[in-house]
Amino acid sequence: MTTADHLDPVDAYGAAWLATDAAERLSLLERAWAPDGVYCDPLAHVTGRQALSDHIAGTQEQLAGGRVEVTSRPVRHHDSALFHWRITDAAGTTVLTGLDVVQVDDEGRIRRLTGFFDDAPAAS
């Protein structure tokens, strides 16, 4: 059993955004994310663990030393939760904040995440 098996799905999801190793990131997503889970924010829409892992890797590359990190404990009810996050640049300056709303499957894994940016760039 890996460390990821002991993490709350939101914690494992947040850790996946910080993981720069592809295998580690996918392991975290296996704990956090339903196999056909959907990620949707104003700029991206992906389905499945591998696609999300690839999206995270691409975001990390664009941030060039910056980070995406969960900044609050999840607020939960029924099969839903919400939590806040921020993106920082390589110097640690916050460049964007937002809120994610998730729905979980019967096994507690995230089956849908809808992300909102506090200062959203125009969606294409």
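In this predicted model, a search of the whole structure finds seven salt bridges. One of them connects R111 with D79, whose closest N and O atoms lie 3.1 Å apart. This pair links distant parts of the chain, since R111 belongs to strand β7 whereas D79 sits in the loop between β4 (75-77) and β5, and the two residues are 32 residues apart. R111 has a relative accessible area of 35% and is therefore classed as partly exposed, and D79, with a relative accessible area of 29%, is likewise partly exposed.

Two further salt bridges involve R109. In one, R109 pairs with D105, with the closest N and O atoms 3.5 Å apart, and both D105 and R109 are buried. In the other, R109 pairs with E107, where the closest N and O atoms are 3.3 Å apart. E107 is exposed, at a relative accessible area of 61%, whereas R109 has a relative accessibility of 15% and therefore counts as buried, the limit being under 20%.

Strands β6 and β7, by contrast, run antiparallel and are joined by seven bridges, with D100 standing opposite G115 in β7. β6 and β7 form a hairpin with five residues between them, and in its turn G108 has a positive phi of about 85°.

The largest pocket contains about 370 Å³ of space. Its lining consists of 22 residues, of which Y39, D41, T59, I87 and F117 are the closest to the centre of the pocket. Several elements each supply at least two residues of this lining, namely α1 (9-18), β1 (33-41), α3 (49-63), β3 (67-70), β5 (80-88) and β6 (94-104). Of the contributions to the lining, that of α3 is the most, at five residues. When the lining of the largest pocket is divided by class, 14 residues are nonpolar, five are polar and three are charged.

Definitions and conventions. Residues numbered from 1 in each chain as written. Predicted model: local features only at pLDDT ≥ 70, side-chain atom pairs only at ≥ 80, totals over all residues. Heavy atoms only, no water. 1 Å grid on protein atoms, 1.4 Å probe; cavity = no way out; pocket = protein on both sides within 12 Å on 5 of 7 lines; lining within 4 Å. Points joined across faces, edges and corners; volume = space filled by probe spheres on them. Helix = DSSP H or I, 4+ residues; strand = E, 2+ residues; numbered from the N terminus. Nonpolar A, V, L, I, M, F, W, Y, C, P; charged D, E, K, R; others polar. Pairing = 2+ DSSP bridges. Salt bridge = Lys/Arg side-chain N within 4 Å of Asp/Glu carboxyl O. Buried < 20%, exposed > 50% of the residue type's maximum accessible area, 1.4 Å probe, protein only.
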